[in-house]
Amino acid sequence: MRTFRKPLSPEEERKYLTDALQGDIEARNLLVVHNMRLVAHIVKKYHNYEKETEDLISVGTIGLIKAINTFKMESNNRLVTYASKCIENEILMTLRYKKKSVKDVSIYEPIGSDKEGNEINLLDIICEPEVDFAEKAFLTDSKQRLYEIIHKMEDRREKYIIICRYGLYGRKEMTQKEIAKELGISRSYVSRIEKRALENLRKKFEEDWES
């Protein structure tokens, strides 16, 4: 059974919020840990299946981090009031994306350019350049296969960064700098996580194709 830390007192909350808004990562993490009970409470209103609970808690935690990063100290509200709205909005946004069929989201649309100026997409990055998509009939099922792999990714931070970086599930494409600011980590760290995630996706994609 999951256990949660007790909520902070108003004085403790204000102190840690002040420190967190000045860039103290440890203070921000303490605020997250002591407000996970709130995340779990909100998740209970929305999850349909037990297996979805952990995923929604991860999504709710992202909403909580956003609330901490954007909280206005001059407001008269407690963090719990503001965070509840942010957590709920993040969950509702994710649930709306889940309702979209993966067939409505194209992974063949350009996501950037290589050094020669040629357009590239997510499949270009994940798969080996010499893979012949036509011969393997990727055009008929690769998109569904890839989204299934992404959905099952165990590392939630890797999964979130991949989704945000490439604008999957209807999200707006984000830069590494934007993601770093949102998650409170360095851009170089986001880059390393993204690189590792893409390599893991490529390997899994190949394993699934060969099986």
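1. Contact here means heavy atoms within 4.5 Å. With that in mind, Leu17 is in contact with Leu31, Ile68, Phe71, Met73 and Leu79, leaving aside its neighbours within four places in sequence. Leu17 and Ile68 are 51 residues apart in sequence, and their C-alpha atoms are 7.2 Å apart in space.

2. This is a predicted model, in which local features need pLDDT of at least 70 and side-chain atom pairs count only at pLDDT 80 or more, while totals for chains, interfaces and linings use all residues. Residues are numbered from 1 along each chain as its sequence is written, and side-chain values use heavy atoms, with hydrogens and water left out.

3. pLDDT is the predictor's confidence in each residue, from 0 to 100. The chain averages a pLDDT of 76, and 70% of the residues score at least 70. The pLDDT is below 50 over residues 101–105, a stretch with eight contacts in the model beyond near neighbours in sequence. Over residues 127–141 the pLDDT also stays under 50, and the model has 17 contacts for them beyond four places in sequence.

4. Next, the secondary structure. Helices (H or I, at least four residues) and strands (E, at least two) are DSSP runs, numbered from the N terminus. The chain has 10 helices and two strands. Read from the N terminus, the order of elements is α-α-α-α-α-β-β-α-α-α-α-α. Among contacts between residues at least 6 apart in sequence, 61% join residues at least 24 apart.

5. How much of the chain is buried? Buried residues make up 41% of the 211 residues. The word has a cut-off: buried means under 20% relative accessible area, exposed over 50%, and partly exposed in between (1.4 Å probe, protein chains only). Lys85, in helix H5, is exposed, with a relative accessible area of 55%. The C-alpha atoms of Lys85 and Gly63 are separated by 8.5 Å, and these residues are 22 apart along the chain.

6. Helix H1 has 12 residues and reaches 16 Å from its first C-alpha to its last, close to the 16 Å expected at 1.5 Å a residue. The expected span is 1.5 Å times one less than the number of residues in the helix. In H1, Glu13, Leu17 and Ala20 are buried. They cover an arc of only 65 degrees around the axis, so they are on the same side of H1; the arc is that of the directions from the helix axis to the C-beta atoms. Leu17 has a relative accessible area of 1%. Just after H1, Gly23 takes a positive phi of about 100 degrees.

7. Which residues touch the most other members of the largest nonpolar core? Of its 27 residues, they are Leu64, Ile68, Ile87 and Ile91. Helices H1 (10–21), H2 (25–33), H3 (36–43), H4 (53–70) and H5 (79–99) each supply at least two residues of this core. The largest share, seven residues, comes from H4. A nonpolar core is a set of buried Ala, Val, Leu, Ile, Met, Phe, Trp, Tyr and Cys residues joined through side-chain atoms within 4.5 Å. Apart from this core lies another, of 13 residues, among them Leu146, Ile150, Ile163 and Tyr166.

8. Ile68 is in contact with Leu17, Ala20, Leu21, Arg28, Leu31, Val32 and Leu79, leaving aside its neighbours within four places in sequence. Helix H3 is mostly covered, with six of its eight residues buried. These are Met36, Leu38, Val39, Ala40, Ile42 and Val43.

9. Gly184 lies in the loop between helix H9 (176–183) and helix H10 (187–210). With a relative accessible area of 26%, Gly184 is partly exposed. Gly184 touches Ile25 and Arg28, not counting residues up to four places away in sequence. The C-alpha atoms of Gly184 and Asn69 are separated by 8.2 Å, though these residues are 115 apart along the chain.

10. Last, the cysteines. How many disulfides does a search of the whole structure find? The search finds zero, a disulfide being a pair of cysteine sulfur atoms within 2.5 Å. Cys86 is buried, with a relative accessible area of 17%, and Cys164 is buried with 0%.
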